[in-house]
Amino acid sequence: AVSNPKFELWRLLHFEDVRDWLSGDELDKRLSVFGGGRKHVDFSKYRDGIPAAIERAKALDASQMGRWPENPGTRVYKIVEQVWE
């Protein structure tokens, strides 16, 4: 599952809606507000936000049939939907 600009976008979507183009550095700064480091991730902080992250990611993925998601965009939700209940 591809994320653009990077995987941390999927993590940020657990906490807030993202609509604008992001650089990798901007994404890291926004994620750091929620205590999201790149090396030490407390996954318990993300659990409650999974349904919202799925919906936000779907909203970003306007061309779900395209090869790559737009920036910002992630298709991690396609995997998570398969295992989340």
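## Accessibility and the case of Ser-63

A residue counts as buried when its relative accessible area is under 20%, as exposed when that value is over 50%, and as partly exposed in between. Because its relative accessible area is 32%, Ser-63 falls into the partly exposed class. The model described here is a predicted one, and the values below are computed from it.

Ser-63 sits in the loop between α3 and β2. When residues up to four places away in sequence are not counted, Ser-63 touches Glu-70 and Arg-75.

## Overall architecture

The chain contains 4 helices and 2 strands, and their order along the sequence reads β-α-α-α-β-α. Taken along the principal axes, the C-alpha atoms fill a box of roughly 35 × 30 × 20 Å. For a chain of 85 residues, a compact globule would have a radius of gyration near 12 Å, and the value of 12 Å found for this chain therefore agrees with that expectation.

Of the 85 residues in the chain, 36% are buried. Among contacts between residues at least 6 apart in sequence, 57% join residues that are at least 24 apart.

## The largest nonpolar core

The largest nonpolar core has 17 residues, and those touching the most other members are Leu-9, Trp-10, Leu-13, Val-18, Ile-54 and Val-80. At least two residues of this core come from each of α1, α2 (24–32), α3 (50–60) and α4 (76–83), with α3 giving the largest share, 5 residues.

Val-18, one of the residues that touch the most other core members, is in contact with Leu-9, Leu-12, Leu-13, Arg-30, Leu-60 and Pro-72, leaving aside its neighbours within four places in sequence.

Glu-8 belongs to helix α1, which covers residues 8–12. Since its relative accessible area is 9%, and buried means under 20%, Glu-8 is classed as buried. Apart from its neighbours within four places in sequence, Glu-8 is in contact with Leu-27, Asp-28, Leu-31 and Arg-38. Leu-31, one of these partners, lies in helix α2 and counts as buried because its relative accessibility is 1%. The C-alpha atom of Leu-31 is separated by 25 Å from that of Gln-64, a residue 33 places away along the chain.

Ala-57 is placed in helix α3, where its relative accessibility of 0% means that Ala-57 counts as buried. If residues up to four places away in sequence are not counted, Ala-57 touches Trp-10, Leu-13, Thr-74 and Tyr-77, and two of these, Trp-10 and Leu-13, are also listed among the core residues that touch the most other members. Between Ala-57 and Lys-29, which are 28 residues apart in sequence, the distance from C-alpha to C-alpha is 19 Å.

## The largest pocket

Rolling a probe the size of a water molecule over the atoms shows where empty space is left. In this model, the largest pocket holds about 160 Å³ of space. Its lining is made up of Phe-7, Trp-10, Arg-11, His-14, Val-41, Phe-43, Tyr-46, Arg-47, Ile-50 and Val-80, and these residues divide into 7 nonpolar, 1 polar and 2 charged.

## Two cis peptide bonds

Most residues other than glycine have a negative phi, and most peptide bonds are trans. Against that background, the bond joining Asn-4 and Pro-5 is cis, with an omega of about 20 degrees. Pro-5 lies in the loop between β1 (3–4) and α1.

The peptide bond from Asn-71 to Pro-72 is also cis, and its omega is near 0 degrees. Pro-72 is found in the loop between α3 and β2 (73–74), and this proline is in contact with Val-18.

Key:
Residues are numbered from 1 along each chain as its sequence is written. This is a predicted model: local features need pLDDT of at least 70, side-chain atom pairs count only at pLDDT 80 or more; totals for chains, interfaces and linings use all residues. Side-chain values use heavy atoms; hydrogens and water are left out. Buried means under 20% relative accessible area, exposed over 50%, partly exposed in between (1.4 Å probe, protein chains only). Contact means heavy atoms within 4.5 Å. A nonpolar core is a set of buried Ala, Val, Leu, Ile, Met, Phe, Trp, Tyr and Cys residues joined through side-chain atoms within 4.5 Å. On a 1 Å grid over the protein atoms alone, a cavity is a set of points where a 1.4 Å probe fits but cannot get out, and a pocket is an open set with protein on both sides within 12 Å along at least five of seven lines; lining residues have an atom within 4 Å of a point. Grid points are joined across faces, edges and corners, and a volume is the space filled by probe spheres set on the points. Ala, Val, Leu, Ile, Met, Phe, Trp, Tyr, Cys and Pro count as nonpolar, Asp, Glu, Lys and Arg as charged, and the others, Gly among them, as polar. The radius of gyration is taken over C-alpha atoms; the globule rule is 2.2 Å times the number of residues to the power 0.38.
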